Amino acid sequence: MPGARLWTKMIAAGVLVSLGGPALIYYVTPTEEELFLRYNPELQKRSLENRIGKQEDFDHFVNKLKEYSKSSKPIWEVAAEDDARLRRLAAEKTVEEQRSLAAEIERRRQDIRGHSSQAP
């Protein structure tokens, strides 16, 4: 049967691994600010420019998730339905733009024909 000395060693090793491992990772891992300062100046500038857009995108994403979670359906189903609705609206908008362009082209064609028939 193992003695008290072996149990003490095992408990000490367990405490060292379970407390020392996370402490070492915390000590070695750089903070976001330290990482940012290691960037070259061009990357720092680009990162600062893109930060606001990324925050807005994240806020939009979170708001959509909140909206989707109000439904009794799973979020992925509601998101898929919303994506399908947005694709359908975009397709309808494209078709409407094409129709208005075709009408504008036809109007100009008629205008040109009208002016050419009036020439002496």
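Colleague: What should I know before I look?

Modeller: This is a predicted model, in which local features need pLDDT of at least 70 and side-chain atom pairs count only at pLDDT 80 or more, while totals for chains, interfaces and linings use all residues. Residues are numbered from 1 along each chain as its sequence is written, and side-chain values use heavy atoms, with hydrogens and water left out.

Colleague: How far apart are the end C-alpha atoms of helix α1?

Modeller: They are 35 Å apart, which agrees with the 36 Å that the 25 residues of α1 (residues 4-28) should span at 1.5 Å a residue; the expected span is 1.5 Å times one less than the number of residues. Helices here are DSSP runs (H or I, at least four residues), numbered from the N terminus.

Colleague: Where does the kink in α1 lie?

Modeller: A kink of about 30° lies at Gly 20, shortly before the proline Pro 22, the bend being the angle between axes fitted to the seven residues ending at a residue and the seven starting there.

Colleague: And how many of the residues in α1 are buried?

Modeller: The count is 0 among its 25 residues, so α1 is hardly covered, where buried means under 20% relative accessible area, exposed over 50% and partly exposed in between (1.4 Å probe, protein chains only).

Colleague: Switching to charges, how many salt bridges are there?

Modeller: The count comes to 7, taking a salt bridge as a side-chain nitrogen of Lys or Arg within 4 Å of a carboxyl oxygen of Asp or Glu. One of them joins Asp 82 and Lys 64, at 3.4 Å from N to O, and this pair links distant parts of the chain, with Asp 82 in helix α4 (residues 75-118) and Lys 64 in helix α3, 18 residues apart.

Colleague: Is Asp 82 buried or exposed?

Modeller: Asp 82 counts as buried because its relative accessibility is 8%. Asp 82 also forms a salt bridge with Arg 85, with the closest N and O atoms 2.6 Å apart, and Lys 64, Asp 82 and Arg 85 are linked in a network.

Colleague: Which residues line the largest pocket?

Modeller: Glu 32, Leu 35, Phe 36, Tyr 39, Ser 47 and Arg 51 do, and α2 gives the most to that lining, with 3 residues. A pocket is an open set of points on a 1 Å grid over the protein atoms alone where a 1.4 Å probe fits, with protein on both sides within 12 Å along at least five of seven lines, and lining residues have an atom within 4 Å of a point.

How values were computed:
Helices (H or I, at least four residues) and strands (E, at least two) are DSSP runs, numbered from the N terminus.
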